[in-house]
Amino acid sequence: MSMLEQDRLRATLRVGHTAVRVLLIHPMTSGRSVNNSPAVSGLHFIQDIRCWRNDEPMLEVKCGSATAENPYFAFRLMEGEIGDKIKVRWVDNMGQKGVVETLVN
Amino acid sequence: MTSPYRLERRTVLKQFISATTLAMVATSGLLLPQRVLAHWPSDAFTAETVEDVLLALMGQADIAEDNAVTFAVGKPTKLITDGQSVTVEITSSLANIERVAVLVDNNPNPLAMSFDLTSSVMMPLKSRIKIVEGESKVIAVIRAEGKLYKTSRDVRVYAGGNP
């Protein structure tokens with residue numbers, strides 16, 4: 001798992017758009033057992049993910065505990081150019097935060 | 001000893017209760033969308049039915065079912081072996097999309113995620129969700145220009161995730 005300990009962000013310029021892929025490293029536990037018992041102890045999941053391009057807000061994702069472990073998102077931003085700064089921040093229900101940045105290539 | 005006084009009291013109570021419920025419904029319907037925009041919409045994520053989620057998240061539940069939304073769940077599409085991580089891909093030809101939600105009707109809390117898009121974001125959106133064991137309906141709802149559009153896919157999951 002050592003390869004997967006950091007959040008990853010890739011942004012690639014394509015014809016007419018920038019393709020962004022982001023993989024966040026997070027357990028995303030719902031606290032429920034496999035049989036869907038109602039207990040919610042151990043609830044630990046990312047709630048809010050936001051993406052900026054050159055400090056301009058682009059996308060906001062709100063997650064519930066039904067988002068898979070190590071959340072992965074892929075989306076496209078209109079146009080863009082090489083060297084644009086893409087930034088993703090996340091915060092979970094326990095207040096832990098993360099930031100990951102990359103330049104479009 | 002049922003005096004007219006007691007009967008009157010009943011009606012007054014009933015009227016009072018219905019008036020307060022009406023007032024509550026009206027305020028919740030009006031206030032929710034703004035509150036939702038501000039931070040994590042806990043009402044929508046803890047709701048237990050698809051209708052409640054849509055009311056809480058989109059402020060309405062009237063849906064124009066439409067083929068302007070295309071939507072792929074999992075690979076292969078119908079039979080999913082691992083419900084812990086199911087790929088979902090949403091595509092749409094609609095313009096001015098404000099919000100996209102992904103729901104699974106049999107999950108304990110149907111709402112899996114919700115995207116708020118700016119005009120610079122293009123489809124497709126791709127992510128991974130958890131689905132409970134058994135047959136479920138995965139639903140994608142898009143709000144564009146104040147209208148809701150919905151598409152759903154029936155899936156069968158062999159080993160459920162625990163969403």
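Select chain B: along the sequence, its elements run α-α-α-β-β-β-β-β-β-β-β-β, that is, three helices and nine strands (DSSP runs numbered from the N terminus, helices being H or I of at least four residues and strands E of at least two). This is a predicted model, in which local features need pLDDT of at least 70, side-chain atom pairs count only at pLDDT 80 or more, and totals for chains, interfaces and linings use all residues. Residues are numbered from 1 along each chain as its sequence is written, while chains are lettered from A and ligands numbered from 1 in the order in which they are written.

Next, colour chain B by pLDDT, the predictor's confidence in each residue, from 0 to 100. The average for chain B is 79, and 76% of the residues score at least 70. Confidence in chain B is highest in S6(B), at 93, and lowest in helix H1 (residues 4–38) of chain B, at a mean of 58. Select residues 29–38 of chain B, where the pLDDT is below 50. Where pLDDT is low, the predicted coordinates should not be read in detail.

Now show both chains. The predictor gives the complex an ipTM of 0.85 and a pTM of 0.76. In contact with 29 residues of chain A are 30 residues of chain B (contact: C-beta atoms, placed from the backbone, within 7 Å). Strands S6 (111–117) and S7 (121–129) of chain B each supply at least two residues of the side that touches chain A.

Finally, select strand S5 (residues 72–78) of chain A, which pairs with S7(B) in the antiparallel sense over four bridges (pairing requires at least two DSSP bridges). Here A:Phe73 stands opposite B:Ser127 in S7(B).

How values were computed:
Two residues are in contact if their C-beta atoms, placed from the backbone, lie within 7 Å.
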